[in-house]
Amino acid sequence: MIRMTFPLLVTAALVTGCGQPTETTVRPPETAFSAETLLLALETAQPGDVITVPEGRFDFRRGLTLIADGVTIRGAGMDASVLRFAEQVAGAEGLLVTGSDFTIEDLAIEDTAGDALKINGGRNIVVRRVRTEWTNGPDTANGAYGIYPVQTENTLVEESVAIGASDAGIYVGQSRNVIVRNSRAEWNVAGIEIENTVGADVHGNVTTRNTGGILVFNMPDLPQAGHSTRVFDNDVLDNSTPNFGAPGSAVASVPAGSGIIVSANDRVEVFDNRIAGHRTGNVLISSYFSAGYSREREMQPTFDPYPETIFLYGNTFGRGGQAPDRAELDAVRTALYGETGRLPDVVWDGFRNPEKTGSEFAICVSDGHAEVLDLDADGDYAAPGVDGAAHDCEHEKLPPVRLVSL
């Protein structure tokens, strides 16, 4: 028996007598797609359902929720099937998903009151050719996150677009085994952010016209600390949009004109990227203390606020560091390089963990003529400078992320 969960288009996974699943599309005649039919399909979804959103623009006044495992939501294309929430009056997200074995592809989510697509928990998550956008452009009133998997495992985000988020366009937090690839993020505060995540590959993406291009962060007071992220083969270009993040948020401290930022994270590789056009700096490496937080702030005892075992190699750098969006950085630039000079391609705040001084914890750079500027922020910028020998080293390379069952 075919269970009809969606009046217009629901594909139910059936099992034949041979034990092989088949797909049968239910198409009742003279039934029009509407917001109400999609709400009903999500509320009654069962494992194996494929919910098809046809071409068109559909308005919603409250957020959507999916709690079933094994469901696919499929549109006709990220510019063809558009879910609009400009008049949303209820719900914290556009679409909230809490199931595993979930795929969403080929549609757009626009102008949500809060996060556009939030996937909370679950395994085997695929976000493919999804566009999230706030169509009014950069605005603090926009939702915080565009594509937002958190506490997930085995997650793929690919060929997607995120525009206008007041925190991060594509954000993966507190997750394990993640790939973000071949996507585009622009006009967000953070284009792509990997936070407190273990094992992430970020590659083949374009981040442009954000405040900061790609961020790899660790924050305290969360269930897990992140490490082992590879950022490679990305175009990180002209991220200089003024910061419009909400005051007090983690990204509110990101300087406009930041290419790649690594903050308080360990075992991070940045290689074979094209990075240029960042007035504050092409690559910034910082401790938690440079994100606007004092050493006196209480945090869990296990939290490590320092970046360690960082390896940069094979990157191509263009112009950057000529007009930092922080007075202290601009003062260092002027003092060391003159009024018309610019900061080196890699800028490190200089905070060191006194308990981890061995070469295995070093910031290593093998990028031709790229230099690392130690700002000496720990010493109130009293003695900034470049020590090439301290960073002329290599680390063992991280293995690629392998997604299981995807």
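Reader: Which residues does Thr 103 contact, leaving aside its neighbours within four places in sequence?
Author: Thr 103 is in contact with Val 71, Thr 72, Ile 73, Val 126 and Arg 128, once neighbours within four places in sequence are left aside. Keep in mind that this is a predicted model.

Reader: Where does Thr 103 lie?
Author: In strand S9, which covers residues 102–110.

Reader: Buried or exposed?
Author: Thr 103 is buried. Its relative accessible area is 16%, and the cut-off for buried is under 20%.

Reader: Step back. How many helices and strands does the chain have?
Author: Three helices and 33 strands.

Reader: And what share of the chain is buried?
Author: Buried residues make up 58% of the 406 residues. The chain exposes about 16,400 Å². Carbon and sulfur atoms supply 49% of that area.

Reader: What about contacts between residues 24 or more positions apart?
Author: Take the contacts in the chain with a separation of 6 or more. Residues 24 or more positions apart account for 64% of them.

Reader: Now the sheet. What is the strand order in the open sheet of twelve strands?
Author: The order is S5-S8-S10-S12-S15-S18-S21-S24-S27-S30-S32-S33, and the pairing is mixed. S5 and S33 are the edge strands, each pairing on one side only.

Reader: How does S5 pair with S8?
Author: They run parallel, joined by four bridges. Thr 65 has Leu 96 in S8 as its bridge partner.

Reader: Go to S24. How many of its residues are buried?
Author: Six of its six residues, 258–263, are buried, so strand S24 is mostly covered.

Reader: Which strands pair with S24?
Author: Strand S21, residues 212–217, is joined to S24 by five bridges, and the two run parallel. Strand S27, residues 281–286, also pairs with S24 in the parallel sense over five bridges.

Reader: What stands opposite Val 262?
Author: Val 216 stands opposite Val 262. In S27, Ile 285 stands opposite Val 262.

Reader: Next, S25. Why is strand S25 largely enclosed?
Author: Five of its six residues, 266–271, are buried, so the rest of the structure largely encloses it.

Reader: What about Arg 267 in that strand?
Author: Arg 267 is found in S25 and counts as partly exposed, at 37% relative accessibility. Its phi is near 55°, a positive value in a residue other than glycine.

Reader: Which strands pair with S25?
Author: Strand S22, residues 227–232, runs parallel to S25, with five bridges joining them. Val 231 stands opposite Val 270 in S25. S25 also pairs with strand S28, residues 308–313, in the parallel sense over five bridges. There, the bridge partner of Phe 271 is Tyr 313.

Reader: Where is Glu 159, and what is its phi?
Author: Glu 159 sits in the loop between strand S13 (153–158) and strand S14 (161–163). Its phi is near 55°, a positive value in a residue other than glycine. At 33% relative accessibility, Glu 159 counts as partly exposed.

Reader: Change of topic. How many cavities of 30 Å³ or more are there?
Author: One. About 30 Å³ of space lies in the largest cavity.

Reader: Which residues line the largest cavity?
Author: Leu 38, Leu 42, Val 53, Leu 64, Ile 73, Leu 83, Leu 95 and Leu 107. By class, that lining has eight nonpolar residues, no polar ones and no charged ones.

Reader: Leu 38 and Leu 42 again. Which residues of helix H1 are buried?
Author: In helix H1, residues 35–43, the buried residues are Ala 35, Thr 37, Leu 38, Leu 39, Ala 41 and Leu 42. An α-helix has 3.6 residues a turn, so residues three or four places apart point the same way.

Reader: What covers the buried residues of H1?
Author: The cover includes strands S3 (50–52), S4 (56–59), S5 (62–66), S6 (72–74), S7 (81–84) and S8 (90–97).

Reader: Last one. Where is Pro 384, and what does Pro 384 touch?
Author: Pro 384 is in the loop between strand S32 (372–374) and strand S33 (385–386). Not counting residues up to four places away in sequence, Pro 384 touches Val 332, Leu 336, Asp 374, Leu 375 and Asp 376. The C-alpha atoms of Pro 384 and Asp 374 are separated by 5.5 Å, with the two residues ten apart along the chain.

Reader: And how exposed is Pro 384?
Author: Partly exposed, with a relative accessible area of 21%.

Note on methods:
Residues are numbered from 1 along each chain as its sequence is written. This is a predicted model: local features need pLDDT of at least 70, side-chain atom pairs count only at pLDDT 80 or more; totals for chains, interfaces and linings use all residues. Side-chain values use heavy atoms; hydrogens and water are left out. Buried means under 20% relative accessible area, exposed over 50%, partly exposed in between (1.4 Å probe, protein chains only). Two strands pair if DSSP finds at least two bridges between them. On a 1 Å grid over the protein atoms alone, a cavity is a set of points where a 1.4 Å probe fits but cannot get out, and a pocket is an open set with protein on both sides within 12 Å along at least five of seven lines; lining residues have an atom within 4 Å of a point. Grid points are joined across faces, edges and corners, and a volume is the space filled by probe spheres set on the points. Ala, Val, Leu, Ile, Met, Phe, Trp, Tyr, Cys and Pro count as nonpolar, Asp, Glu, Lys and Arg as charged, and the others, Gly among them, as polar. Contact means heavy atoms within 4.5 Å. Accessible areas come from the Shrake-Rupley method with a 1.4 Å probe; for residues, only the protein chains shown count as cover.
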